[in-house]
Amino acid sequence: MATTTTADVKSKFDTAAFIKQYAIIGILIIFVVVLTFATGGKFLQTQNLLNVVTQVAAIGIIAIGMTFVIITLGIDLSVGSILAVAAVVSTSLAQLPSATAKYPDLHLPVIVAVLAGIAVGALAGWTNGFLIATFKIAPFIATLGMMSSARGLALIYSDGRPISRLDPTFNFLGQNAILGIPVPIIIFAIVAVTAHVILNYTRFGRHVYAIGGNEQAARVSGINLKRATIVIYTLCGLLAGIAGVISAGRIGSGNPQLGTGIELDAITAAVIGGTSFKGGIGTIWGTVIGALIIQSLNTGLVLLGMNDFVQMVVKGAIIIVAVILDERKNR
Amino acid sequence: MTEQFVLQMQNISKTFPGVRALDTVNLEVRPGTVHALMGENGAGKSTLMKILIGMYQMDAGGAIVLDGQTAAIKDTASGLAHGISMIHQELSPVPEMTVAENIFLGREPTARFGLVSRKVMVDECRKLFDRWEIRINPSAKMRSLSIAQTQMVEIAKAISFDSRIIIMDEPTSAITEVEVAHLHRMIDQLRERGKAIIYITHKMDEVFKISDYVTVFRDGKLVNTLPAADLDRDKLIALMVGRELTEMFPKEHAEVGDVVLSVRGLNRGSLVKDVSFELRRGEILGFAGLMGAGRTEVLETLFGVAAAESGEIVVDGKSVRIKQPKDAIAAGLALLTEDRKLTGIMGVLSVRDNMIMAALPKYSPNGMLQKRRIEQVCEEQRKALALKTPSLNQHIQNLSGGNQQKVLISRWLLTLPEILMIDEPTRGIDVGAKSEIHRLMSALAKTGKAIIMVSSEMPEVLGMSDRVVVMHEGRVSGVVDRAEATQERIMQLATGTAGATGPADAA
């Protein structure tokens, strides 16, 4: 317990605080440098960088939703499964007409398929929020249930097989580029900027921080906790839906196993980006960099010839170190 | 002659951020006596006892001497090892465990192979209960017990350590007369066996009935220790109050206007029973009463934190329905809650965010924040309230208690309320900030705001209020005008010993 008195507040520029705040950018740079040298320059090649950034889109978009949730002291374990549901639903509506298609005679505009996938994601997220807000279920439990149920629904809906033979336009979202910039990156950027604006420039954004900072105080301040909770989880589900459509487009099919384990990457990205598990703290730019670190790690370790198993160990260690640093920074 | 004391606490001080809770206190307790500690809420009694049992650490320079030997009490385990146990005011049972398991929590008797023996535990517990004539089933789940039974279990638990010093912090606040008599018999027996009982209470009758010595605390200082036989009610109250009120409370005269709030027959559970009162513009209406009298609950009910079961709330002549705080804010009410940390500040958020939170709808008409306006009004508040913070970006948790309180006052002023309800406006705040906040309340009343102030500090109630509503066990036991408000009068009403003055004079 600090023995502080009335006027105890620091007024000068705090170098240590500045370093802690922006240390994450330094970590990313160190990462890139190390990986560049370790791979003999391969890591920095344009194609590889584009790969990193393209692949980061799905993780990053989900991590942004996760950031909202974690700021309010929640968690969403179901994002990977929601991603899969969105992927199978959207692809099933974007198949070329054929006897083996899910809906043999259906031919909808691709935009409808895309929006349907996103809407299904939002619906699943709304369900999470509704359960948490109405029945006061712990977010961990509610979304754990959704994680299992949604994955099951994705498997049932697709008969456990990838849904393929898609309208080529559908793959646009995952595979094409505009002015040389891959579409997933453009979507990721739009989502990030929008989320940043919501968190920092809207009333709702203030509510998100307030709920995480002190839920009871937020309530007394006139914030409708129930509505805010539902909106936050709906948003998280909607973003998982977008990630699902992009992921399906990238591989050109709707695989019900898509997104398995992505919740861990998303949580890791948010946390190493400075989002606090004690609530009330987190930024979108931090999460974006966190996602880039995760994806550099994923790609870099592959370039170095390390297998998945080693990656899992390294990622596990990173999240723990990040939380320890966070602990020392904030309290 | 140190041997005649079982306990000597010497030069004990304790500083919390922004507050000096204890100031060089010396307490000496003799074995085989009941030693009562008295004083207003926040006078330092509980803090001193928490230091004694090892829950808090004292500031450097003090010493605890037990039976003539200096003892270092690092934590509660070492407190127990030194023969000190405490019945806490806030009960702390584990609800899903049995009575016996709770009694032996952390020191479970073991049988073969070092395994916990449920049977031994239940047998030991039954022996203990038989010895003290407690009729509670040791195998019952703690959850299934009444509050009074729970309290008896806690008492039995404290006794079961066979400590030389047993501290009881308001043990009778939750039990009925039958159990009180039972507890007093137990205390007599413990005294005969040479135990020292330190007894914290607000109940005067109890003090004179059971205690041998009385120590009075005020503002973190020990005022005096006297044999109970040398004291009477008036002397004791004088010791407890003993300060010049006029200097501390800059209450200025404000023109009292029309009725702005009238509450009729408000009910909620056992803590708000048929509460009616009126509040006028420019008035500071004090709410006095003992802890648990229902004052905070009245404010919470008015503000929609918890829903009223029945009753009518009329603001400015219009009957309003308040189901959640949002409705209350819309009706022009504001509530500065009692517990700054639990329901007030959002610690890791900035001073600016904390300030603007309740008034956000005014500053984001279409959902988008009007950042420039927000900056402007927060800056104005910062100047007007002489807030000490390096910047509005500072996390509020880094401010002192007094400055945090100012931010929270700003939070509510920015909603432009007609009625400001403040629960314990200066709890845990140092003296300087206290008078600033009192001045501010006076100034607000002058501008025609109506203020309800719940306070457990008698000087504050007497010094600041135009009228005082006194509550006792969920009911309004009386309303006293400023001119007639004395500590004695309020204490009588608060303890329910005032005789036949019912809530008839409410309004």
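Trainee: Is Cys236(A) buried or exposed?
Mentor: Cys236(A) is buried, with a relative accessible area of 1%. Buried means under 20% relative accessible area, exposed over 50%, partly exposed in between (1.4 Å probe, protein chains only). Keep in mind that this is a predicted model: local features need pLDDT of at least 70, side-chain atom pairs count only at pLDDT 80 or more, and totals for chains, interfaces and linings use all residues. Residues are numbered from 1 along each chain as its sequence is written, chains are lettered from A and ligands numbered from 1 in the order in which they are written, and side-chain values use heavy atoms, leaving out hydrogens and water.
Trainee: And what about Cys378(B), buried or exposed?
Mentor: Buried, at a relative accessible area of 0%.
Trainee: How many disulfides over all chains?
Mentor: Zero, counting pairs of cysteine sulfur atoms within 2.5 Å.
Trainee: Okay, new topic. How many residues of chain B are in contact with chain A?
Mentor: 44 residues of chain B are in contact with 36 of chain A, with contact meaning heavy atoms within 4.5 Å.
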